[in-house]
Amino acid sequence: MRFGAIEAGGTKFVCGIGNEKGKILKQISFPTTTPEETMEHVYAFFADEKLDAIGIGSFGPIDLHKNSSTYGFITSTPKQHWKNFNFVGEMKKRFSVPIGFDTDVNGAALGELLWGAAKGLDSCLYMTVGTGIGVGAIVEGQLLHGLSHPEMGHIVVKRHPEDPFEGNCPYHQDCLEGMAAGPVVEKRWGRKGMELSDIKDVWELEAYYLAQGLVNYALILSPKKMILGGGVMKQNHLFPLIRKNVKEMLNGYIQKEELLENIEHYIVPPGLADRAGLCGALALAMNALT
Ligand code: ADP
Ligand code: ZN
């Protein structure tokens, strides 16, 4: 089978063609500008392809309720051009195949479950720490949805007693995203994250906040694997710091060896590495067929 995949990000789009084994056969990438301009690249890429389905993993917020009049729309995004863009509707006008649509992180979680770090499991969580913090989850084999899609990047966190940074979220100020997303690292320390690799305090504090997120997700959703991707997680030394904080914060409360002796196999980087997003969209295409 041949599937189309669209990883629709706030800064760039990646389109690809792949198969049911999670193999990407070809791909292109272009910057996210206006919907008109950006979508012309998308339509052109898929125009001559014979596809069985197309999957879209999108930045949000998006409307995922099938019976809603705005199903398949990007809704209240601060990216003005994309506000109320009928993503699925515009695709359906041009491609008469099933179209899977979900958040980029829900897609990535599904891709990791099918072909990556959570292969063989029936639950997992995928967190991206990049320009923002997004989290997707599979629970009992199903993508997690509700009233809307979860927005686990915006949970309340406890401020570090020695952290004076006021927070960067336009809605909540010092929520998790407001205290730990990529741009926050730069704002708090005055230099880009990738230039701060050697400064221990930067990553101790980053791990302190990210671990709080993971502790809450572990307590609420009990996923069988937690996968952390995105630009900031390129700082590989964050993983042991996060694991240590998670263990300390849980304090032995969840008596599972995954969280006690084997935490290095529980909180892990994406098995699909930089392909997590695109393979996620591919997984959403497959999901649309079933
Ligand atoms: P997006 O979230 O837009 O999809 P990324 O996941 O690449 O994109 O995240 C971009 C953010 O990650 C930026 O704030 C950037 O400074 C930060 N970032 C990218 N690479 C690194 C790195 N190697 N170390 C620390 N921070 C990084
Ligand atoms: Zn917030």
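Predicted model: local features only at pLDDT ≥ 70, side-chain atom pairs only at ≥ 80, totals over all residues.
Let me start with an open sheet of five strands, which has the order β3-β2-β1-β4-β7 and in which the pairing is mixed. At its edges stand β3 and β7, the latter covering residues 99-103, and each has a single partner strand, so one side of each is left without a neighbour in the sheet. If we ignore direction, neighbouring strands of this sheet are turned by 15 degrees against each other on average.

Helix α1 touches β1, β2 (12-18) and β3, and its direction makes about 10 degrees with that of β2, whereas helix α8, residues 276-289, touches β1, β2, β3, β4 and β7, with a direction that makes about 130 degrees with that of β1.

Staying in this part of the chain, I would like to turn to T32, which is found in the loop between β3 (24-31) and α1 (35-46). Is T32 buried or exposed? Its relative accessibility is 12%, and because the limit for buried is under 20%, T32 counts as buried. Its side chain has a polar atom 2.7 Å from the backbone oxygen of G9, and the side chain of T32 also reaches the backbone nitrogen of K12 at 3.2 Å. Leaving aside residues up to four places away in sequence, T32 touches G9, G10, T11, K12, F13, T38 and W82.

Now to the other sheet I want to show, an open one in which five strands follow the order β10-β9-β8-β11-β12, again with mixed pairing. Here β10 (142-143) and β12 (267-268) stand at the edges, each with a single partner strand, so one side of each is left without a neighbour in the sheet. Strand β9, residues 133-139, pairs with β10 in the antiparallel sense over two bridges, and the bridge partner of I138 in β10 is L143. Helix α3, residues 104-115, lies across β8 (124-129), β9, β10 and β11 (226-229), and runs at about 50 degrees to β9.

Which residues are the protein donors of the zinc ion, ligand 2? They are H154 through ND1, C169 through SG, H172 through ND1 and C175 through SG, lying 2.1 to 2.4 Å from the zinc ion. The angles among the four donor atoms are 101 to 121 degrees, and the site is tetrahedral. Along the chain, the donors follow the spacing H-x14-C-x2-H-x2-C, and both C169 and C175 are buried.

At 19% relative accessibility, E177 counts as buried. The side chains of E177 and H154 are joined by a polar contact of 3.4 Å, and, not counting residues up to four places away in sequence, E177 touches G132, I133, G153, H154 and V184. As for distance along the chain, E177 and T131 are 46 residues apart, while their C-alpha atoms are separated by 9.0 Å.

Note on methods:
Residues numbered from 1 in each chain as written. Chains lettered and ligands numbered in written order. Heavy atoms only, no water. Donors = N, O, S within 2.8 Å, 3.2 Å for Na, K, Ca; no water. Tetrahedral: all angles 85-135°; square planar, octahedral: opposite > 155°, others 65-115°. Buried < 20%, exposed > 50% of the residue type's maximum accessible area, 1.4 Å probe, protein only. Pairing = 2+ DSSP bridges. Helix = DSSP H or I, 4+ residues; strand = E, 2+ residues; numbered from the N terminus. Contact = heavy atoms within 4.5 Å. Axes fitted to C-alpha atoms, helices over the stretch in contact; angles between N-to-C directions. Polar contact = N/O pair within 3.5 Å; in protein donor to acceptor, adjacent residues only side chain to side chain.
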